[in-house]
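Biologist: Hi! Could you walk me through this model in plain words?
Modeller: Happy to, let's look at it together.

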Amino acid sequence: MSFSCSTLPSILLLSLFVFTLTTCSKGNFYENFDVTWGGDQRAKILHGGQLLTLSLDKDSGSGFRSKHTYLFGRIDMQIKLVPGNSAGTVTTYYLTSEGPNHDEIDFEFLGNLSGDPYTLHTNVYSQGKGNREQQFYLWFDPTKAFHTYSIVWNRQRIIFMVDNIPIRVFNNMESIGVPFPSNQPMRIYSSLWNADDWATRGGLVKTDWTHAPFTASYRNFNANACIWSSSQSSCASQSTDSLQANAWEDQTLGAADRNRIRWVQNKFMVYNYCTDLKRFPQGLPPECKRSRFL
């Protein structure tokens with residue numbers, strides 16, 4: 001039996017419309033991403049588009065990027081990092097625009113010797129200016145299973161999350177002259193590459209190519225986000241009901257989240273630019289004086 005749209009109750013049509021808007025960038029790597037370098041031998045989309053793997057060998061790394069550009073949203077990706085001796089390797093997952101005055105929101109995973117923890121490196125660029133690094137050890141082994149790494153990006157703040165636990169917030173402080181990524185659409189990028197001149201212990205530990213190829217795996221991508229196309233955001237045409245489903249648009253930290261981020265930063269943060277007085281002898285950046293959870 002078939003039905004025309006006119007025979008469906010209006011409330012069902014509305015719910016189908018909302019569902020389509022909130023799941024249009026879910027899951028399939030064939031539909032949502034292009035391999036940008038490394039070729040089919042190093043970047044592989046498997047299981048009908050449900051899994052993507054990147055590999056690094058002595059000749060080349062590999063990478064991919066999203067087909068869409070986004071201006072605000074929540075981006076989730078499950079990643080399983082390079083196991084074993086990953087020293088010298090860097091696995092990246094980030095948003096970036098183009099040009100010398102680009103914006104960028106970074107997750108970078110710096111490999112290490114077997115048994116030593118990965119370093120999770122985060123950074124925010126706005127109008128071409130970065131130097132806002134915070135680094136963390138993870139409270140689990142990121143090579144044994146998939147874990148979810150999320151970027152929440154709205155007009156008020158950027159929230160970095162690991163398994164839905166906030167680890168860092170960068171607030172919009174344009175009111176005091178701090179640039180904030182707010183008007184440049186960005187693509188999602190990821191790569192696996194050799195950076196043994198700096199990645200592990202400042203470059204003291206080099207990549208051991210006898211362990212190559214190194215492989216990282218990706219699955220369960222989800223973008224609940226505003227797609228930018230032809231100088232217009234997809235969110236501009238969404239109904240009030242669909243916008244209500246986008247909790248990221250005004251997401252902040254409640255009491256429970258403040259406790260979680262305090263726990264992460266007290267126990268697992270290994271570098272914070274906002275406390276590096278040697279790096280900023282003329283005074284810390286202005287945003288460091290205004291927020292506890294940068």
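Biologist: How many disulfides does the structure hold?
Modeller: The structure holds 2 disulfides, where a disulfide is a pair of cysteine sulfur atoms within 2.5 Å. Before we go on: this is a predicted model, where local features need pLDDT of at least 70, side-chain atom pairs count only at pLDDT 80 or more, and totals for chains, interfaces and linings use all residues. Residues are numbered from 1 along each chain as its sequence is written, and side-chain values use heavy atoms, with hydrogens and water left out.

Biologist: Which residue does Cys226 join to?
Modeller: Cys226 is joined to Cys235, with an S to S distance of 1.9 Å. That link is left-handed, with -95° about the S-S bond.

Biologist: And which residue forms a disulfide with Cys274?
Modeller: Cys288 does, and the two sulfur atoms are 2.0 Å apart. The torsion about the S-S bond of Cys274 and Cys288 is about -75°, so this disulfide is left-handed. Cys274 and Cys288 both lie in the segment after β17 (269-272), so the pair ties together parts that are 14 residues apart in sequence. Strands here are DSSP runs (E, at least two residues), and helices are DSSP runs too (H or I, at least four residues), numbered from the N terminus.

Biologist: Are Cys274 and Cys288 buried or exposed?
Modeller: Both Cys274 and Cys288 are buried. Buried means under 20% relative accessible area, exposed over 50%, and partly exposed in between, using a 1.4 Å probe and protein chains only.

Biologist: Switching to helices: which residues are buried in α5?
Modeller: In α5, the buried ones are Asp257, Ile261, Val264 and Gln265. They cover an arc of only 90° around the axis, which puts them on the same side of α5; the arc is that of the directions from the helix axis to the C-beta atoms.

Biologist: What about the face turned away from the buried side of α5?
Modeller: That face carries the exposed residues Asn266 and Lys267.

Biologist: Now aromatics! How many aromatic pairs does a search of the whole structure find?
Modeller: The search finds 18. Rings of Phe, Tyr and Trp (its six-membered ring) pair if their centres lie within 6.5 Å; planes under 30 degrees apart count as stacked, over 60 as edge-to-face and the rest as tilted. Phe107 and Phe160 have ring centres 5.4 Å apart and planes at 85°, so the pair is edge-to-face. Phe107 sits in strand β8 (residues 104-110) and Phe160 in strand β12 (residues 157-162), 53 residues apart.

Biologist: Which residues form one aromatic cluster?
Modeller: Phe29, Phe33, Phe64, Tyr218 and Phe221 do.
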